[in-house]
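Look at the chain below and follow it part by part.

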Amino acid sequence: MGGQESLQLRRLKDFQPLGRLTDDQLVLLASRAERRTHGPGQRVIERGVRDGLDFFLISGKVELESVDGRKTVIEAETEKALNPIARLQPRMYDVTAVKPCEFLVIEQEILNQMLRSAPVAQVEMDSGDGGADESEEHHLLMEFYAELRSNQLKLPSVPDVAWKVRRVVDREDSTALDVSKAVSADPAMAAKLVRSCNSPLYRGFSDVRNVREAVVRLGMRTTRQLVTVFAMREVFKTRRASLQKEMEQLWRHSREVAALCWVLADHATRIDPEEALLAGLLHDIGIVPVLVQAEHHVNLFADEKNLQHAMSELRADVGCAVLENWQFPKAFIESARHAEDWRYECRESAPQLVDVVIVAQLHSLIGSSQNAGLPAFDQVPAWRRLGELDLNASRSLQLLSEARERVDEVQKLLSIR
């Protein structure tokens, strides 16, 4: 093996997950891979495409742009370039060359086959039983991520009734009767909508008696949002009892953030409270497919740390994939991507949906077991943007304390069965 080839192999081992392959496997992989070059301004990867390929950046610089306009620059030989570029499929980003670039392009199916047969590293085995266990867990975790890269991860579908109601409301010539018929096609949903309309949040001078009266009182847009909210409960489910506990915890957290979003939007912005409610409920939707996929990896996710690591790492990208697949507006996708990004600052001058979700998320974590390392309110750009509406730190907590009854009412609304 020549010096240059040895250097190439050493370079390949820097990439994840190629570092787990043996030298022989890397030589074989290199022979099956394709080298591609792109000049500045050339498109490398197109968002929405399913090509079954992994792109490893050998040299140059690229820019990734998501559906919500967020841009990220990745340069070769930096930490961000150690993983395949924009690896989830369908592609979440448009990728464009900023400088002349060279890529190693590998079919995901070929790489996944090699990863499955890759041996446990001898250095890890020699470190004792604990090291062997850790390397086995790492092997399983990489296999789990390989399934995500090769699009074996099944994204949940929009519940049928929510999809139908959305389509009817979006038609310009739709009437309240048309919407009520779409809701009534699902008797359980119809009952929930009538009960919600008679709740303290929406109650008028008299109770409504049927779906049409509920649609008239709520309005078609609010009806659409509430139907989607109620339908989401069916998405937060898994068949394995141990993982259903995680799913229930996720649902409780999402419900809490949703209630806080409703109150913050209603008190501190001109954003539609029901829209904020739905954005809060969906901010962690990316964890749902990860938990569902975890059903097939019992040994791996018996370790709570592995499960938490996978959920944390994949939450944003998978959440955006779900909402894009469901054809949600950009504002919802932006909210899911940045829900835990305390430093995020959007470009619009007025408070946006993402600001409400970030601030609600911050409030929900105060006093919880996850409050370690949380930033101060005045260090969070989203909070400062709401702060322009006289929402200082003490006022922020006071507002939610005073609105606790409202938060509880929204929580009860989300618990309607």
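C197 is buried, with a relative accessible area of 0%; buried means under 20%, exposed over 50% and partly exposed in between, with a 1.4 Å probe and protein chains only. C101, at 3% relative accessibility, is buried too. A disulfide is a covalent bond between the sulfur atoms of two cysteines. This structure has zero disulfides, counted as pairs of cysteine sulfur atoms within 2.5 Å.

The model is predicted: local features need pLDDT of at least 70, side-chain atom pairs count only at pLDDT 80 or more, and totals for chains, interfaces and linings use all residues. Residues are numbered from 1 along each chain as its sequence is written, and side-chain values use heavy atoms, with hydrogens and water left out.

Helices (H or I, at least four residues) and strands (E, at least two) are DSSP runs numbered from the N terminus. Three strands make an open antiparallel sheet in the order β1-β7-β3, where strands pair if DSSP finds at least two bridges between them. β1 (34-38) and β3 (53-59) are the edges with a single partner strand each, so one side of each has no neighbour in the sheet. From one strand to the next, the twist averages 30 degrees. Five antiparallel bridges join β1 to β7 (residues 101-107), and F103 in β7 is the bridge partner of R36.

Helix α3 (residues 108-117) lies across β3 and β7, at about 65 degrees to β7; axes are lines fitted to C-alpha atoms, for helices over the stretch in contact (heavy atoms within 4.5 Å), and angles run from 0 to 180 degrees between N-to-C directions.
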